[in-house]
Amino acid sequence: MSERKYFGTDGVRGEVGRSPVTPAEVLQLGWAAGRVLGAGHARGRVIIGKDTRISGYLLESALEAGLSAAGVDIALTGPLPTPGIAYLTHQVGACGGIVISASHNPYHDNGIKFFSASGTKLDDDTEAAIEALMREPMATVAPEALGKAERLIDAVPRYAEHCRHSLPAGLRLDGLKVAMDCANGAAYQVGPLVLRELGAQVVCTGIEPDGFNINREGGSTYPDQICRLVKETGADIGIAFDGDADRVVLADASGTLVNGDGILFLLSQYLKSREKFGGVVGTLMTNLGVELACQSDGIAFVRAQVGDRYVLEELLARNWTLGGETSGHILCLDRSTTGDGLVAALAVLEVMRTTQMPLAELVRGLTIFPQRLIN
């Protein structure tokens, strides 16, 4: 396979205005993606969502023009978590999904992530095919074949319903006080909405995006904020997302951080007795304590390369459902096709409700070993 110029481990990403995130290159990217994703469809449709960065408007327009030139229709959702786009892509029968986001990066960066028709990350061959077309002259389809764009006005309620239905029927969160930090990002609407609809009392920060404050001293990459908010408000649990809400970290009632390793531990403990539970996939950075805890309880544990796409590949190869990263990318494939911060948080709340145990008690059996990242 030739060396990649555009695609990294999770789509195309960089500083806005510099290659590869320039209007001209994103226009070409939209056209190339439309040609590849729309192949074999009489009239393909691609879902486009974004986070709250100011540059989202620019890149959305460029992608829309490129897709239209390729003869593909477009459905625009506006700000919505990355996993929401994955879900809607599959649910509405689109031929692909695109998310405009640089995840946990600051506002001056942005990126383009892709999903297949089934709501999963693109495989290497599909990315390579898009890359190959990036080097060809852009040819526009005949005027009568140009793609049309529409607003998917019910995107937020559709995704919210999907998240609620990831819980067992009848499970409610009444009486639970939840602190939430939405990082002024893509979850600023749907995150509080879902928990309030389930009956929780929600106190929020990071729900006033202005295009520039995404991930600024808040969210999952600045967990001190959610730990502080939990203690100040007397919440039972704190939930903090990153800018596109595919990551989540938690804080217990005392304000102690519970990262992706803690979430993997408590979910594996809860699920281990289920017949279809196979094991846990971590990464090279997953704390040794998680592996030892799994071993002591007879739970199979394997490590993948760093990156949620590699965790997903390992899960699919083994027909398992639970995996994730220390950073808070948690995959629950029995509930979602990709890493989903809100769905993972709801899974933890389900455990708290079902066992009637606080978060601190649920992770008490995990010993975190000292570790150092040498990069």
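Let's start with Lys121, in the loop between strand 5 and helix 4 (124-134). Helices here are DSSP runs of H or I, at least four residues, and strands are runs of E, at least two, numbered from the N terminus. This is a predicted model: local features need pLDDT of at least 70, side-chain atom pairs count only at pLDDT 80 or more, and totals for chains, interfaces and linings use all residues. Residues are numbered from 1 along each chain as its sequence is written, and side-chain values use heavy atoms, with hydrogens and water left out.

Back to the lysine. Is Lys121 buried or exposed? Lys121 is buried, at a relative accessible area of 15%. Buried means under 20%, exposed over 50%, partly exposed in between, with a 1.4 Å probe and protein chains only. Which residues does Lys121 touch? Leaving out residues up to four places away in sequence, they are Asp10, Phe114, Phe115, Asp308 and Thr338. Contact here is heavy atoms within 4.5 Å. The side chain of Lys121 makes a polar contact of 3.3 Å with that of Asp10. Another, of 3.0 Å, goes to the side chain of Asp308. A polar contact is a pair of N or O atoms within 3.5 Å; within protein, one must be able to donate a hydrogen and the other to accept it, and residues adjacent in sequence count only if both atoms are side-chain atoms.

Helix 7 spans residues 224-233, and its buried residues are Ile226, Cys227, Leu229 and Val230. They sit on the same side of helix 7, because they cover an arc of only 160° around the axis. That arc is taken from the directions from the helix axis to the C-beta atoms. What covers them? Strand 7 (177-181), strand 8 (201-205), strand 9 (237-241), strand 10 (248-251) and strand 11 (257-258) are included. The face turned away from the buried side carries exposed Asp224, Lys231 and Glu232. After the helix comes Gly234, with a positive phi near 70°.

Now helix 9, residues 288-296. Its buried residues are Gly289, Val290, Ala293 and Cys294. Gln295 and Ser296 are exposed, on the face turned away from the buried side. At the start of helix 9, a side-chain oxygen of Asn287 comes within 2.8 Å of the backbone nitrogen of Gly289. Just after the helix, Gly298 has a positive phi of about 75°.

On to backbone geometry. Most residues other than glycine have a negative phi, and most peptide bonds are trans. Where do we see something else? Ser103 has a positive phi near 55°. Ser103 is in the loop between strand 4 and strand 5, and is buried at 2% relative accessible area. Ala183 also has a positive phi, near 60°. Ala183 lies between strand 7 and helix 6 (190-197), in the loop, and is buried at 1%. Then there is a cis peptide bond between Ser19 and Pro20, with omega about 10°. Pro20 is in the loop between strand 1 (12-15) and helix 1 (23-37).

Last, Tyr107. Tyr107 is in the loop between strand 4 (96-100) and strand 5 (109-115). At 32% relative accessibility, Tyr107 counts as partly exposed.
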